[in-house]
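Please keep the sequence and the model in view while reading.

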Amino acid sequence: MKTFITSSIPYVNGPPHLGHAMEFTMVDVLARYSRLKGDEVILSIGTDEHGGKIAEKAESMNLTPIELANKNSQEFERLAKTLEISYDRFIRTTDKDHEDRVQKIWLSIKDDLYKKQYQGWYCPGDEAFFSEAVVKRNNNICPEHNRPYEKVIEENYFFKLSKYNKQIQEIITSNQFLVIPETKRNEILSLLDEGLEDISVSRPKSKIYWGIPVPDDDSQVIYVWFEALLNYITVLGFPDKQDFKDYWPASYQVVGKDIIRFHAAIWPAILMSLKVATPKKLYVHGFINVDNLKMSKSLGNSVDPFGIVDKYSADTFRYYFLRHIPSYDDGNFSWESINEVYNSDLGNELGNAVQRTAVMVQNYLNGELPDIDPKLKYDQEISGLIEDCRFDKALEQIWLRIKNLNQFIEEQKPWQLFKTGEQDKLSEVLNSQINSLRYIAYLLKPFMPEVSDKISKTFGDKLLSLSKQTLFPREELDQHATS
Ligand code: MSP
């Protein structure tokens, strides 16, 4: 089966933060899991580089927009590599190929575009328009960005979003386009119940120059959201390339809760206008708070994902954010909690099971290992959880196996069997431990690729390969980390 998986593409007006890193990790689990099942996978990530927000930030740093985009886009790619994200494509919306394809797409949906004089409230931080009601409720200040909404009166191109309202309701209600979790599905359905209005999809070049020009109209550039969404198909070479024919529709699209409207309403409508199938699944994750506060520039509480990987490891990062941030809700990060999780779940539970078993196999069996089962199959229950993007629960299930294994060791006491010379029973117990660990390593492949590999190598073929280093050497909480 051909499987296409995407994350959203982050803005390049700043360096990557925890939210971006978590989202990259989530799509990577889906990609690795699908490959393990035998699918041919394209995992696409990238960066969103146009728009007023980026031009504004670049100006404040005395850079040109493309200089800022280059600098930060590289950081996102470095983050992906650091986190062992097995991406196949990294698209930048300033890629010439994307820009050309966007202009062609624009021309091909001309029937759904019209020009009109428009008055509205705009927040440059969101790169989005807001209704009179929302602006009033917020006393004219955008709560996300702490800046006043700007009154915009201009002539723009509009996209006939309202025309697709009913069709979108149908595909979501019938789960042909599955929005998970259910709470987010309900949220978008009630938005659709209220009715969608047509949306502005261009801005005057005189106001925002950093964007893809509207074809045949020199005075306008394409609205950044409109073209950014198109990355999901331009990356496959829509409309002519074979990859598009083979891999679209996407099996999974993963985005955060703040951009659900763009992905569950506007995006399907654009696809309908193009007469192209809609994605199979949209998974909407929650937000990470830091020390129970919203991450924000003004609070200065943003945590650098590279710092976490440096102190612990990429796999620790992956484990923490997948298991201890609820997959269907918001969650909290603190240095205290990751340090605790590292020492307990990883060190005491997983690390210990591996270490004890390896040492006993070395001492009691001269490192001899039983044959490897060649036809390991992924656990059905855990498969279901991964396919529902319940990464937290899937890891909980794997950890149950680890806990059971530790309990088994405590109960069987192989050290006593050795003392009393019960060799057959001893081999049986240790072989069972080894096979459990091999299976746990297999289940961990999508989640913790490096750790999984190390465990598989330790209990590889015939002879144990005992590493001098423990998997998770104990870590103390740094002073700086708590501040
Ligand atoms: N550029 C747009 C996406 C365009 S997709 C065609 C964008 N960029 S972003 O950088 O603001 O956000 C990128 C992703 O990070 C989004 O899915 C967003 O929800 C997610 N997160 C941003 N802050 C977050 C947290 N605090 N926690 C978890 N994820 C968060 O939106």
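With the side chain of which residue does the side chain of E154 make a polar contact of 2.9 Å? The partner is the side chain of K207. A polar contact is a pair of N or O atoms within 3.5 Å; within protein, one must be able to donate a hydrogen and the other to accept it, and residues adjacent in sequence count only if both atoms are side-chain atoms. This is a predicted model, in which local features need pLDDT of at least 70 and side-chain atom pairs count only at pLDDT 80 or more, while totals for chains, interfaces and linings use all residues. Residues are numbered from 1 along each chain as its sequence is written, and side-chain values use heavy atoms, with hydrogens and water left out.

E154 belongs to strand β8 (residues 150-159); helices (H or I, at least four residues) and strands (E, at least two) are DSSP runs, numbered from the N terminus. With a relative accessible area of 4%, E154 is buried, where buried means under 20% relative accessible area, exposed over 50%, and partly exposed in between (1.4 Å probe, protein chains only). A second polar contact, of 3.3 Å, links the side chain of E154 to that of N156. Neighbours within four places in sequence aside, E154 is in contact (heavy atoms within 4.5 Å) with K116, Q117, Y118, F129, R203, P204 and K207. One of these, R203, has its charged end over the ring of Y122, 4.2 Å from the ring centre; a charge sits over a ring if NZ of Lys or CZ of Arg is within 6 Å of the ring centre and within 35 degrees of the ring normal.

Helix α7 comes next. The 13 residues of α7 (residues 182-194) should span 18 Å at 1.5 Å a residue, and its end C-alpha atoms are 19 Å apart, which agrees; the expected span is 1.5 Å times one less than the number of residues. K184, R185, I188, L189 and L192 are the buried residues of α7. Seen down the helix axis, these buried residues fall within an arc of 140 degrees, so they line one face of α7; the arc is that of the directions from the axis to the C-beta atoms. An α-helix has 3.6 residues a turn, so residues three or four places apart point the same way. The buried residues of α7 pack against α6 (165-173), β9 (178-180), α11 (260-274) and β14 (281-285), whereas the face turned away from the buried side carries the exposed residues D193 and E194.

The backbone on either side of α7 also deserves attention. Just after α7, G195 takes a positive phi of about 100 degrees.

Aromatic rings form another theme. Rings of Phe, Tyr and Trp (its six-membered ring) pair if their centres lie within 6.5 Å; planes under 30 degrees apart count as stacked, over 60 as edge-to-face and the rest as tilted. The count comes to 29 aromatic pairs. The rings of Y33 and Y378 have centres 5.5 Å apart and planes at 75 degrees, so this pair is edge-to-face. Y33 lies in helix α1 (residues 18-36) and Y378 in the loop between α14 (335-365) and α15 (380-387), so the pair ties together parts that are 345 residues apart in sequence.
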